[in-house]
Amino acid sequence: MNRVLSFSKHYHRAIHHRCETQLQTAGPVASLIKSRSVIRFRGPDTIKFLQGLLTNDVRKFGEPIGDKTANLPTPNVPATSVPPIYAALLTPQGRFLYDLFLYKPPSSDTKLNRTGTGPASEPDEPFELFADVDASVLDELLTTFTKYRLRSKVEIDNVAGEFSCWQRYGSGPPEKSSDVEEPEASSVGWGAGEDGAAMSSSRGGNLGWQWFKDPRLACLGFRGIFPSNIIPPLIEADKETDEQNYLMWRIEKGVAEGSTEIPKGEAMPLEYNLVGLNAISFDKGCYVGQELIARTHHRGVIRKRIVPLRFQDNDGNEVVNKVIPGSEVINTASGKKAGLVTTAMGCHGLGLLRLEEAFKGSAALSIQGQEGVKVVASKPDWWPSDWVQDIQQHTAVA
């Protein structure tokens, strides 16, 4: 894992000195996401157990695969894997605790046998799901799930030593969803005799893992978990880059991730845009914390949201590394508090801001106690139209 993308060091210098994003022109790159760990749920009650806890509908993991998938098929390998699901575990009061990307492992007909000449045959393999989770709260997360397990027939294991999380992103992945993906992008299964990408993924003892379209947004690229003893397919020797570049890419899209950026036990999931990120199902039935989520959603009034921020001085020049998470954002024109900076990196950040203050007088936003640091809030392109209408309603009256 010592290979580092050639532009990565230069890009880090840009973050610290010019705050310039080169990922727009660098082409698709990939990062090992060390801030995430992998756990496994195994046993006959896995779906029932998770269905009663998580915000999204996990029953689709037990359904037959339909015609449409969100993985990336190669010419010779049919798309036979279930797309991953993004979901969250909440407190009983409806506050955010943990986010999870859930994956169903490749079935025997999408894995090579040990000779590499055909599909594997494992008829008695137990039902299991994998999840990539925030590594900083791994032990606490495992304890929480174990507490909820009670008599359910499900094992919950830390498999971080066996599997790693990766993200593929940059200018290559499409900005809009499409049923037909790029020819260069690949899902990986048996058939490596014709497919070089499948060959590269078939190293090691666990075969058939593949890239999937990020279940949150197409513009985030592709995500996957892979055996830790291999380099995933489609990663060129000069296109592996530091995780910090993925963080910057995500910040610029206005997407928070993990229990630090989405404050554990405090954050309201709808304010952190989890509906727009496909993390919440409103027709799945009961789960922990559902009551507050449903009530807030149907009331239809979200006055604060996470938005991308850019930090500048009075002349419009980028201000780098002078803002820390937790800094208050104020509207100097109205004198009102607009919100808080939740994440900061270079001259970019994320902020939980009141829509009225953030966009009505955006030119007047600054950091409390650092009035020379101006804050520019922006609306992500992926926001649904009804969120944009909310902004217009909030800012109609000056």
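Trainee: Which residue in strand 13 is the bridge partner of I306?
Mentor: Keep in mind that this is a predicted model. Strand 10 (residues 304-312) holds R305, and strand 10 pairs with strand 13 in the antiparallel sense over seven bridges. Look across from I306 into strand 13, and the bridge partner is L352.

Trainee: And on the strand 12 side, which residue of strand 13 is the bridge partner of L340?
Mentor: Strand 12 (residues 336-345) and strand 13 run antiparallel, joined by six bridges. They form a hairpin with two residues between them, and G346 in that turn has a positive phi of about 65 degrees. For L340, the partner in strand 13 is L352.

Trainee: How many of the seven residues of strand 13 are buried?
Mentor: Strand 13 covers residues 348-354 and is largely enclosed by the rest of the structure. Buried here means under 20% relative accessible area. By that cut-off, the number of buried residues in strand 13 is six.

Trainee: R305 sits in strand 10. Is R305 buried or exposed?
Mentor: The cut-off for buried is under 20% relative accessible area. A polar atom of the R305 side chain lies 3.2 Å from the backbone oxygen of L270. The relative accessible area of R305 is 4%, so R305 is buried.

Trainee: Which residues does Y148 touch, not counting residues up to four places away in sequence?
Mentor: Y148 is found in helix 4 (residues 138-149). With a relative accessible area of 25%, Y148 is partly exposed. Y148 and L50 are 98 residues apart in sequence, yet 9.8 Å apart in space, C-alpha to C-alpha. The residues touched by Y148 are F49, L53, P92 and V288.

Trainee: What about rings? What kind of aromatic pair do Y86 and F101 form?
Mentor: A search of the whole structure finds twelve aromatic pairs. For Y86 and F101, the centres are 4.6 Å apart and the planes make 35 degrees. Planes under 30 degrees apart would count as stacked and those over 60 as edge-to-face, and this pair is tilted.

Trainee: How many residues apart in sequence are the parts that this pair ties together?
Mentor: Y86 and F101 are both buried. Y86 lies in strand 3 (residues 85-90) and F101 in strand 4 (residues 96-103), so the parts tied together have a sequence separation of 15 residues.

Trainee: Now the open sheet with the order 1-7-9-8. Which helix lies across strand 1, strand 7 and strand 9?
Mentor: In this sheet of four strands the pairing is antiparallel. Strand 1 and strand 7 (residues 163-169) pair over four bridges, and S31 stands opposite Q167 in strand 7. The helix runs at about 55 degrees to strand 7, and it is helix 6.

Trainee: Which residue caps the N-terminal end of helix 6?
Mentor: Helix 6 (residues 243-253) is mostly covered, with nine of its eleven residues buried. Just after helix 6, G254 takes a positive phi of about 80 degrees. At the N-terminal end, a side-chain oxygen lies 2.8 Å from the backbone nitrogen of Q244, and the residue providing that cap is D242.

Notes:
Residues numbered from 1 in each chain as written. Predicted model: local features only at pLDDT ≥ 70, side-chain atom pairs only at ≥ 80, totals over all residues. Heavy atoms only, no water. Buried < 20%, exposed > 50% of the residue type's maximum accessible area, 1.4 Å probe, protein only. Polar contact = N/O pair within 3.5 Å; in protein donor to acceptor, adjacent residues only side chain to side chain. Pairing = 2+ DSSP bridges. Contact = heavy atoms within 4.5 Å. Axes fitted to C-alpha atoms, helices over the stretch in contact; angles between N-to-C directions. Phe/Tyr/Trp six-rings, centres within 6.5 Å; stacked < 30°, edge-to-face > 60°.
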